[in-house]
Amino acid sequence: SAQKTWGGRFRGKASNLMTRINASITFDKRLWRQDIEASKAHATMLRDQGIVGAEDADAILKGLEVIAEEFERDGVPERLELEDIHMTVEHRLTELIGPAAGRLHTARSRNDQVAIDFRMWVRSACDDAISNVRDLQRTLVELADKHAETVMPGFTHLQVAQPVTLGHHLLAYYEMLRRDLSRFKDARDRMNESPLGSAALAGTGFPLDREGTAKALGFDRPTANSLDSVSDRDFALDYLSAAAQCSLHLSRLAEELIIWASPQFGFLELADEFSTGSSIMPQKRNPDAAELVRGHSGRIMGCLTSLMVTMKGLPLAYSKDMQDDKEPVFEAADLLTISLQALGGMVETCEFVTERMRAATEQGFSTATDLADWLVREAGVPFREAHHITGAAVKLAEDRGCGLDQLPLEALKNIDPRIDERVFDVLSVDASVRSRTSYGGTAPDRVREQVAKAKADLGL
Ligand code: ARG
């Protein structure tokens, strides 16, 4: 029984409740691949260092491979009395090869074992995030290319502000995701040190080759302090913080899809594949997936908070509280993956209603700033005065129920005689976006320039 693993000094049996509160196998079984890989590296090193005889070490290595095949085929058995994935593997190894299995844990503790397994898992979660973020970026960039000239209202306070292009708007999210990528990469680089060989907390007297196991498992180097190695979970916090930040960006994009898909905006129609109906209101076409991306973001932030609070008061080195590190990370990783993928699917398949976008831009006096700028540039009017004159023009257009570019020249001249017919060159929304040529501006040429840069970065 499992009691044999650490039961030497005990006489009584564990309470059923003790077994249940202690067990992590129900969730840490997700670490089985990392656990076996790290054990293989450890066993190989023990053999090469002459710490374990070649015959036993080779039996261990073979046994671990058999276990990997079994788990791949049948899944990981969940026996609560075996506590966790580490003891589940070791227990099965003992069944397969007998007492030699007991040599695997030489110069190792579950404390450095879980530290290395979890680090490897989180490292690959970073890789997954990086690849999923890039997929979403690709989708955004392709669409930005297509819509480099599509006019839409740019908003502040959710009120029409100035005309922008849809391509420019989509590229704003590309930029946010670019920073998210760098956060995941940065987290990955920082966590890429191997804690294996730190043993329980103090290191070990056995002549380990920590450089060797670090290399074998794809780490840059071994960690430098054994106490830190078994106590540190900031690699997981770095991941969660990058995930939370990324999900925040996804939530904002999801929110915009929700607003844009509302019939009142009508800027886009979500594809059938990404819409849901109502069980009572037949007309409904709901953006549930986008709402769930927005909702998931809150949960991912909760996962970050959860692990921070778990860690903040712990003395060095290991405490069992740290077993609670895994569920928030698994939860966040699953939520982030589905959010990135579903959002990509929604954006890729939705139909942008470009006429509605244009109409909203034209109705909102979105070129008022262009009129004021024109007065400054062409008539030498101080900007504050130009702002005032333009305000009067907006008021007039509003009273007449027309756009700024539909006001007769006479009416404009009445407001300020310095206005002449050349003003109409800047009053259209197309002229407005064309004129925003500053670096990073919304002019179609600038957008295409950024699209080209993004495509090169993405290898498109
Ligand atoms: N299941 C444990 C965890 O996830 C493994 C480490 C246990 N170490 C110990 N000293 N009890 O944290």
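From which domains does the shell around the ligand draw at least three residues each? In this predicted model, the answer is domain 1 (13–106) and domain 2 (121–149 + 164–201 + 221–350).

Let me name the residues concerned. Around the ligand stand Ser24, Asp28, Asp84, Arg110, Asn111, Val114, Tyr318, Lys320, Met322 and Gln323. By class, four of the shell residues are charged, three are polar and three are nonpolar. Helix 7 (residues 110–146) gives the largest share of this shell, three residues.

I turn next to the packing of helix 7. Its axis and that of helix 11 (residues 234–261) come within 10 Å, crossing at roughly 20 degrees. Angles under 35 degrees count as roughly parallel, and helix 7 and helix 11 are therefore roughly parallel to each other. Their crossing is left-handed. Helix 7 contributes Phe118, Arg119, Val122, Ala125, Cys126, Ala129 and Val133 to the contact, and helix 11 contributes Phe235, Ala236, Tyr239, Ala243 and Cys246. Of the residues in this contact, eleven are nonpolar, one is charged and none is polar.

Finally, I come to the domains. Besides domain 1 and domain 2, the protein chain has a domain 3 (362–458). The C-alpha centres of domain 2 and domain 3 are 38 Å apart. Their contact involves 14 residues from domain 2 and ten residues from domain 3. On the side of domain 2 that touches domain 3, at least two residues come from each of helix 7, strand 2 (159–165) and helix 8 (166–191). The largest share of that side, six residues, is again from helix 7. This side of domain 2 comprises six nonpolar, four polar and four charged residues.

Key. Residues are numbered from 1 along each chain as its sequence is written. This is a predicted model: local features need pLDDT of at least 70, side-chain atom pairs count only at pLDDT 80 or more; totals for chains, interfaces and linings use all residues. A residue is near a molecule or strand if its C-beta atom, placed from the backbone, lies within 6 Å of it. Helices (H or I, at least four residues) and strands (E, at least two) are DSSP runs, numbered from the N terminus. Ala, Val, Leu, Ile, Met, Phe, Trp, Tyr, Cys and Pro count as nonpolar, Asp, Glu, Lys and Arg as charged, and the others, Gly among them, as polar. Domain bounds come from an automatic or database domain assignment. Axes are lines fitted to C-alpha atoms, for helices over the stretch in contact, and angles run from 0 to 180 degrees between N-to-C directions. Angles under 35 degrees count as roughly parallel, over 145 as roughly antiparallel, 65 to 115 as roughly perpendicular and the rest as oblique. A crossing is left-handed if the near helix is turned anticlockwise from the far one by less than a right angle, and right-handed if clockwise. Two residues are in contact if their C-beta atoms, placed from the backbone, lie within 7 Å.
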